[in-house]
Amino acid sequence: MAPAPPPAACFSAAEVQRRLAAGACWVRRGARLYDLTGFVRQHPGGEQLLWARAGQDVSADLDGPPHQHSANARRWLEQYYVGDLQGDPEGPVENGPVASASTQKTDPVMEPKLKAVDWEKDLVDWQKPLLWQVGHLGEKYDEWVHQPVSRPIRLFHSDFVEALSKTVWYSVPIIWIPLVLYCSWSYYGAFAQGNVQLLAPFATEYSVAMPESAFPGLFLLGLFLWSLLEYLIHRFLFHMKPPSDSAYLIMLHFALHGQHHKAPFDTSRLVFPPVPASLVIAFFYLVLRLILSAAVAGTVFAGSLLGYVIYDLTHYYLHFGSPHKGSYLYHLKAHHVKHHFAHHRSGFGISSKLWDHFFHTLTPEEPHQKTQ
């Protein structure tokens, strides 16, 4: 059980004004103050919307328009609570000149407290590895794992195993793009030499010859195939609902994907770590080789691997990027954030919404149109 939170601090309007002038993004709900400085780049609606509301009461914005924020979004906001506004809470606290040269933008007292919102109902000990703990949550697990928090997660006791479960985003292109290029170059050479069959050697009597011109089509087929795999894996494996009486299946779900929904902005867990990714990628290649000839399987594999790289980088950007309003990535980010905060049983596409359209799993539309 987490310790009791410290007493709420109180800030005058002048103190809040100094923070705003120093570059912080503070907002309020009534008299409650929130420091969103560390969250502005993650905001689904873009940085501009939060900066425009700095110092203001956002109560009406949470109810919409442009849209009504979910219960999870409101719970998320509470993690950035820093204290209460003294005096009359009516009216905005406007930005003003810096009152003191000693005002520190990174005053540790003012940093958002990464704490559980409800201290009496926190079901795990955040000071210990979580994987073994979540297995005992039983029927409470599904609700708990879909209430996101803004804090890093530790899964394992072993430092070595823990390190294997985490990675930085740029490891994905550094490791896998060279393999995409190598496979593409090697198997294009095989196509250029001719005598490439479609199927694996055991089925040569049913196979057909593949011309050199088939190479780009097979590569694109791999990209297309990955987009379908991305959707199916996310929907049916990552979002399986483990039985409440199976601690091991709950732990498996949490290790595969639940930890990402619990801490969606943990930078070390947004892309697949190289070691587990290598096992899955090797398995996929072996399946292709069982069916197709080496050159055809390698070409489809190279296209699929590029699709995976695009998927992982897109996923990272949707969490930490700030796309231009109205752009394709802006709408894709809104689609993905709704999946995390409001509709985790829909919106399974990451790099595109193609298969959500096809299988009718798009996240619900907002009840009213966005306004400027």
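Leaving aside its neighbours within four places in sequence, which residues is glutamine 133 in contact with? Select glutamine 133 and you will find Val124, Asp125 and Lys128, where contact means heavy atoms within 4.5 Å.

Before moving on, a word on the model. This is a predicted model, in which local features need pLDDT of at least 70, side-chain atom pairs count only at pLDDT 80 or more, and totals for chains, interfaces and linings use all residues. Residues are numbered from 1 along each chain as its sequence is written, and side-chain values use heavy atoms, with hydrogens and water left out.

**Stay at glutamine 133.** This residue sits in helix α5 (residues 131–134); helices here are DSSP runs of H or I with at least four residues, strands are E runs of at least two, and both are numbered from the N terminus. Now show the backbone oxygen of proline 129: a polar atom of the glutamine 133 side chain lies 2.9 Å from it.

**Next, select helix α1 (residues 13–21).** Val16, Arg19 and Leu20 are buried in this helix (buried is under 20% relative accessible area, exposed over 50%, partly exposed in between, with a 1.4 Å probe and protein chains only). Look down the axis of α1: its buried residues fall within an arc of 100 degrees, so they line one face of the helix. That arc is taken from the directions from the helix axis to the C-beta atoms. Just after α1, glycine 23 has a positive phi of about 110 degrees.

**Then show the largest nonpolar core.** It has 60 residues, and Trp26, Leu36, Trp176, Phe191, Val296 and Tyr308 touch the most other members. Such a core is a set of buried Ala, Val, Leu, Ile, Met, Phe, Trp, Tyr and Cys residues joined through side-chain atoms within 4.5 Å. Helix α12 (residues 294–320) gives the most to this core, with 13 residues. Apart from this core lies another, of 16 residues, among them Val124, Val149, Leu155 and Met251.

**Finally, colour by pLDDT,** the predictor's confidence in each residue, from 0 to 100. The protein averages 84, and 83% of the residues score at least 70. Over residues 96–120 the pLDDT is below 50, although this stretch has 41 contacts in the model beyond near neighbours in sequence. Where pLDDT is low, the predicted coordinates should not be read in detail.

Conventions. A polar contact is a pair of N or O atoms within 3.5 Å; within protein, one must be able to donate a hydrogen and the other to accept it, and residues adjacent in sequence count only if both atoms are side-chain atoms.
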